[in-house]
Amino acid sequence: MATVEFVEATRVYPGADRPAVDAFELQIADGEFLVLVGPSGCGKSTALRMIAGLEPVDAGRIRIGERDVTDLPPKNRDIAMVFQNYALYPHLSVAGNLGFALKAAGVAKEERTRRIRATAALLDLEPYLDRKPRMLSGGQRQRVAMGRAIVREPQVFLMDEPLSNLDAKLRVSTRTQIASLQRRLGVTTAYVTHDQVEAMTMGDRVAVLREGQLCQVDTPLALYERPETVFVAGFIGSPAMNLIEAPLEDGCARFGETVIPLSRAAARAAADEGATAVTVGFRPEALELRGDGEGFAITVDLVEELGADAYLYGTAVAPAVSGRIDATPTVTVVARLAPKGVPRRGEKVRLRIRDDAFHVFSTKTGRRLPD
Ligand code: ADP
């Protein structure tokens, strides 16, 4: 087992106008499950491939444990990678696939057999050891791909969207299996996905990436409760956090009759920027239905009844913000409500933001203002 460390690590593809991975500073602890998440093209796979040695590092270093591996070829890094397409050998049996890398590394036959058996037992693959990949289900193939990594007993697992070829239901059960298997084996793991639910449910910590930059690295709960930027606030959580630009008056942000008191430090930071408005964020579950004179009014556009909850999507009049030329007169708001007595489409209702259940960001920089 080992730690993994990016030290100001950068990758610029030839001809690109900006780095795909821009001066990453990131430490993955021994035995940790770290998820890299972000929209398509943000640099997740490139970062993973830099750990693997499949992508050169243009500046900075990559360390695994005590070793600086920046200039080492992949085979000398003691890592095992699980790819999105599994990359199984079609002409080899499951046992052949599991043992391939061990054979290539010159591991003796007895030891190979022992490790193949142990891995197959761990992944419930024993009945299929003689089958070729084409005779397996999608989920079984996925387990063989995992097994090929496990059997090598590497210091680090690297996984690039390993669930994306499975159907939705299997993806949910497999993500639980992978997470618990990783915890049992205790092998340091870096895992790439574009799916924030997968990231939040699997990772000890989650690194959120955007356009080659590391935005925030934190536990799932900390990312949810204290996003450092508007981008992270909007990316983590489903349905997404409501984000509304609201004018500042006397140290408060105003939205309808809702007055959001900024902390002194936040008001000072906004004043230092010369801001006349801030971006206020509140999650769907931070809203509750209220009577006249409280909160803000919305017209209900759509109600999704999910049994345990109902999601209400509505339109509110946007707060007037001076100097905004592209001002849209309305904003969309989503609220998570208890399923009983949910308003119908077309109704006008009022919603209130629960006390202290809001986030305040600088509209100019997108950064969280001090609490
Ligand atoms: P992600 O995995 O988050 O979807 P990637 O790491 O694959 O993102 O890509 C990051 C950026 O680098 C993207 O802009 C992508 O177009 C670019 N890129 C990826 N691979 C190559 C390559 N081999 N050559 C040139 N540009 C690439």
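## Ligand surroundings

In this predicted model, a backbone N or O atom of Cys 42 lies 3.1 Å from an oxygen atom of the ligand. Thr 46 contributes through its side chain, where an N or O atom is 2.5 Å from an oxygen atom of the ligand, whereas Tyr 13 places a polar side-chain atom 3.3 Å from a nitrogen atom of the ligand.

## Packing of α2 and α3

Helix α2, covering residues 94–104, packs with helix α3, covering residues 109–122, at an angle of about 135 degrees, and their axes are 10 Å apart. The two helices α2 and α3 are therefore oblique to each other, and their crossing is right-handed.

On the α2 side, Ala 95, Leu 98, Gly 99, Leu 102 and Lys 103 take part in the contact, and they meet Arg 112, Arg 115 and Ile 116 of α3. Sorted by class, this contact has four nonpolar residues, one polar residue and three charged residues.

## Backbone features in two loops

The loop between β9 (205–210) and β10 (213–218) holds Glu 211, a residue other than glycine whose phi is positive, with a value near 45 degrees.

Pro 239 is located in the loop that runs between α8 (230–235) and β11 (242–249), and the peptide bond joining Ser 238 to Pro 239 is cis, with omega at about -5 degrees.

Conventions: Residues numbered from 1 in each chain as written. Predicted model: local features only at pLDDT ≥ 70, side-chain atom pairs only at ≥ 80, totals over all residues. Heavy atoms only, no water. Axes fitted to C-alpha atoms, helices over the stretch in contact; angles between N-to-C directions. Helix = DSSP H or I, 4+ residues; strand = E, 2+ residues; numbered from the N terminus. Parallel < 35°, antiparallel > 145°, perpendicular 65-115°, else oblique. Left-handed = near helix turned anticlockwise from the far one by under 90°. Contact = heavy atoms within 4.5 Å. Nonpolar A, V, L, I, M, F, W, Y, C, P; charged D, E, K, R; others polar. Polar contact = N/O pair within 3.5 Å; in protein donor to acceptor, adjacent residues only side chain to side chain.
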